Amino acid sequence: MRTLDQTTEEILALAAQQFKVARATLAPTDDFFKTLQIDSLQALDLLTRLEHHFHIELPDYELQGVTDFHTLAKRIQSRL
Amino acid sequence: MIDLRNYNSLGAVLRAAVESWPQEICLIEADRERESARLTYSEFDKLSQQRASALQEEGFGAGSRAAILMMNQSKWLISAYAVFLRGGVLVPLDYKLLANEQIQLLRHSKAEMLFTEFHIWRAVSEADNFGQLKLKRIIVTDASANADLMGAIRWEDFRAEGTAEFVARERGDVACIVYSSGTGGRPKGCMLTHDNYLEQCVALTSLFPFRPGVRYLSILPTNHAIDFMVGFIGPFVCGATVVHLRTLRPEYIREAFTRYHITYMSLVPLALKNLERGLRQRIAESPAHRRLLLRLLTGINRALTKNRPRPRLSRFLLPDIHRAFGGELLAFFIGGAFTEPATLQFFYDLGIPVANGYGCTEAGTAITLNDLHPFRADTVGKPLPGMEVRIVNADAEGIGEVAVRSRTVMSHYLEEPEMTAETIRDGWLYTGDLGRFEPAGHLQLLGRKRNMIVTAEGKNIYPEDIENAFDSLPVKDFCVFAENFLWPRNELSGEKLVLVLHPETDRPIPSSVLEEAAARNRALVPYKRVSDYLAWDRDFPRTASMKIKREALAEEIRARLGRDSLVAI
């Protein structure tokens with residue numbers, strides 16, 4: 001079972017890879033829309049990738065209002 | 001297609017639809033790779049009749065109001081038809097609003113019934129103003145077996161056997177209350193009549209007739225005027241099929257094209273841009289010789305489709321591209337916000353026409369639409385049949401406010417006679433948008449007269465609605481403006497909001513205040529955020545009742561400062 005920190009780290013690494021930015025430029029409390037310069041549909045694309053990685057299903061509404069990696073990690077963690 | 005002239009209400013015309021094509025598929029619902037529902041018109045009718053009978057038992061009848069607060073799914077349309085069968089007024093609400101905003105609109109609309117999804121209902125029940133909600137009955141879908149329903153009843157239990165008594169309505173009766181925007185002080189509830197919808201449907205289907213076998217992919221929220229018309233009423237009166245996806249991820253949307261052989265889809269510029277980005281990436285990753293071949297074939301397609309789309313020819317010339325879109329796509333519809341001409345042209349050159357249109361909820365959906373004969377990337381098309389459009393107070397270049405008169409224009413704003421009188425004058429709806437007609441009769445949009453923006457997601461944002469996010473900020477005064485309202489320009493791309501701050505003292509704005517403003521801004525949903533702030537050193541002009549005189553303030557700012565005074569927040 002992953003810890004919340006491990007989940008967060010994996011999300012940051014996947015986000016960095018997907019949007020071709022250096023992992024070091026991302027922090028858990030970052031607003032991912034701003035840091036990654038992405039729109040809501042690109043955020044949904046990231047969510048699909050995270051679902052495949054963690055082998056879970058996250059309804060779209062779980063992401064509503066979520067803008068930072070840490071909160072996203074908590075939502076994912078609760079379904080692991 | 002059903003001859004709409006013979007019917008007076010949406011209920012009557014939908015009833016004719018289910019009788020006309022009982023065995024055709026009207027709805028498909030999918031969640032990721034799984035198909036969760038597939039209904040014929042006959043099955044759709046049966047499920048709706050059960051809910052209409054239950055509504056009847058509750059005493060729901062002519063003029064009673066029922067709200068729907070759901071993501072796109074089959075039960076949205078089943079509930080809507082049940083409401084119309086009983087002669088009710090439908091209040092479609094935006095599931096993306098915050099729960100306290102949804103409660104505010106539920107109260108404002110005076111809806112007595114609510115059809116919603118369990119997760120939305122749970123969020124509503126946790127809102128601060130939940131206690132203010134007065135509903136007779138709440139029906140929830142998708143609730144797990146042991147869920148605490150908090151006073152609601154399950155969709156599965158809200159049913160009664162037999163055929164509901166059909167309640168006839170007149171054309172002038174209100175069919176829907178649609179909130180075009182605004183949850184701040186003055187929600188704008190557009191009262192749209194059965195006549196408005198039936199006339200709009202006639203106009204749209206005259207350009208793009210659906211038929212049995214056509215599959216429409218519904219991804220815009222059905223509460224939105226476009227999807228309600230093009231993803232519900234339009235396909236149903238023609239016996240077509242509507243496909244709903246419970247997961248609106250770009251990956252699953254792309255898959256839906258090939259799985260369901262989609263014919264049409266409506267979308268907003270943000271989604272079109274996302275598709276363009278994906279396509280361009282795929283093209284860039286292909287070998288050099290394939291890219292060269294694609295460029296050559298795209299050029300041939302462009303030349304051969306100059307005057308009109310030729311779908312079969314385009315599919316023959318560019319098979320890989322068209323296979324990725326299911327091979328049967330005829331067109332995308334786009335509206336609700338500004339779309340870059342280059343993006344429209346990109347798709348057209350590949351043989352995928354994007355019918356660019358313009359409209360507003362107050363006008364019953366679309367006012368103009370490009371009929372693709374020929375395709376134009378630089379306009380929003382010609383007025384639809386039945387629409388009179390004129391340019392008011394045109395300047396030397398022919399640019400002025402767009403006004404429209406037609407049977408599709410709403411009756412009024414709910415409980416807002418003054419706002420109605422400002423918006424509809426002598427039968428003309430003043431849109432607040434600036435445009436001009438070019439020689440071929442196409443409308444070009446070139447800016448806004450109003451202090452508002454429209455995002456790439458098609459959301460209308462009024463600065464007044466987000467100002468409460470900055471309440472009690474430690475400044476003397478603050479105000480939010482659309483950047484293009486402060487400094488007008490004849491363009492609609494890249495619209496953004498600006499926070500004007502007047503500090504307590506003559507010194508520069510303290511960093512603590514800016515940090516607080518930035519934090520408040522981050523708490524807003526992304527599409528409502530302001531982009532920049534502007535430091536202003538004078539008192540705001542105010543009315544006798546201390547309301548900010550926005551136009552006067554904008555004029556003062558315009559006279560003394562330019563766009564270069566803006567600082568990113």
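I count two strands as paired if DSSP finds at least two bridges between them. The model I have open is predicted.

**Entry 1: strand β26 of chain B**

I started with β27(B), residues 532-535. It pairs with β26(B) in the parallel sense, over four bridges. I looked up one position in this pairing: B:Val498 stands opposite B:Asp532.

β26(B), helix α17 (residues 511-523) and β27(B) make a right-handed β-α-β unit.

Then I turned to β25(B), residues 477-482. β25(B) and β26(B) run antiparallel, with six bridges between them. Here B:Phe478 stands opposite B:Leu501.

Is β26(B) enclosed or open? I find five of its six residues (497-502) buried, so the strand is largely enclosed by the rest of the structure.

**Entry 2: helix α4 of chain B**

I listed the buried residues of α4(B), which spans 99-109. They are B:Glu101, B:Gln102, B:Ile103, B:Gln104, B:Leu105, B:Leu106 and B:Ser109.

What do they pack against? I noted strands β3 (65-69), β4 (89-92), β5 (113-117), β8 (174-179) and β9 (189-193), plus helix α5 (118-125), each in chain B.

B:Lys110 follows α4(B), and its phi is positive, near 60°.

**Entry 3: where chain A touches chain B**

I looked up the contacts between the chains. On chain A, 13 residues are in contact with 13 residues of chain B. Helix α3 of chain A (residues 40-54) gives the largest share of the chain A side, six residues. By class, I have five nonpolar, four polar and four charged residues on that side.

Note on methods:
Residues numbered from 1 in each chain as written. Chains lettered and ligands numbered in written order. Predicted model: local features only at pLDDT ≥ 70, side-chain atom pairs only at ≥ 80, totals over all residues. Buried ≥ 20, exposed ≤ 12 C-beta atoms within 10 Å, placed from the backbone. Helix = DSSP H or I, 4+ residues; strand = E, 2+ residues; numbered from the N terminus. Contact = placed C-beta atoms within 7 Å. Nonpolar A, V, L, I, M, F, W, Y, C, P; charged D, E, K, R; others polar. Right-handed = clockwise from strand over helix to strand, strands pointing away.
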